[in-house]
Amino acid sequence: MATSRGRLRVLGIDPGLTRCGVGVVDVAPDRSAVLVHVGVVRSDPGAPIEERLAVIARGLRAVVDAHEPDVVAVERVFAQHNRATVMGTAQASGIALLIAGERGLAAATHTPSEVKAAITGYGNADKRQVQTMVARVLRLEELPKPADAADALALALCHAWRGAPAQAAASGPLTPAQRAWADAERLARR
């Protein structure tokens with residue numbers, strides 16, 4: 001899936017209302033990767049929701065315009081106990097997917113456990129393990145910080161290495177998380 005650059009440029013997005021992590025990597029066909037950009041789009045927790053979402057959208061559009069990714073990978077919100085956190089994360093995720101659609105970019109979502117497994121080989125890895133492997137893969141001198149930015153880079157790498165869940169399904173069985181998500185999407189379409 002290399003582009004005219006000879007590499008696939010992936011924008012990874014770790015959605016959040018207060019901190020939305022963004023990471024852009026170029027991945028070669030041999031799976032080697034190079035850091036292009038990493039950062040966090042921040043919004044004021046005291047601002048009205050519509051302003052916060054507009055700030056996130058402006059920040060994501062700026063990254064897309066500056067780095068011209070081939071594809072966008074967004075963390076899939078699967079389950080959390082804090083409803084307010086889930087809602088904010090889902091809203092930011094929707095903004096990310098909308099921007100991909102506006103720009104004609106393919107988009108995929110990956111669960112945190114899929115990303116951890118792709119990056120560390122262990123679906124229950126902790127944040128430090130993910131940061132360490134991302135730094136190693138990208139040959140960074142320091143761990144990427146904050147964790148939102150490291151997670152965005154991990155998402156981008158996961159997508160480049162594993163492809164979208166639909167592609168994974170064609171080559172092997174779905175994980176329990178992928179099956180549950182596919183079931184939930186089917187029910188939502190009814």
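## Strand β1 and its partners

G12 stands opposite A73 in β4 (strands are DSSP runs of E with at least two residues, helices runs of H or I with at least four, numbered from the N terminus). β1 and β4 run parallel and are joined by four bridges. On β2, G12 has G23 as its bridge partner. The pairing of β1 with β2 is antiparallel and covers seven bridges; the two strands form a hairpin with four residues between them.

Seven of the seven residues of β1 are buried, meaning under 20% relative accessible area with a 1.4 Å probe, protein chains only. L8, V10, G12 and D14 lie on one side, and R9, L11 and I13 on the other.

## Basis of the model

This is a predicted model, in which local features need pLDDT of at least 70, side-chain atom pairs count only at pLDDT 80 or more, and totals for chains, interfaces and linings use all residues. Residues are numbered from 1 along each chain as its sequence is written, and side-chain values use heavy atoms, without hydrogens and water.

## The sheet

The open, mixed sheet has five strands in the order β3-β2-β1-β4-β5, where pairing requires at least two DSSP bridges between two strands.

β4 (residues 71-75) runs parallel to β5, with five bridges between them. One of the bridge pairs is V71 with A106 in β5.

## The helices

Helix α2 (residues 83-102) packs on the sheet and touches β1, β4 and β5, contact being heavy atoms within 4.5 Å. Helix α1 (residues 49-67) lies across β1, β2 and β3.

Note on methods. Axes fitted to C-alpha atoms, helices over the stretch in contact; angles between N-to-C directions. Buried < 20%, exposed > 50% of the residue type's maximum accessible area, 1.4 Å probe, protein only.
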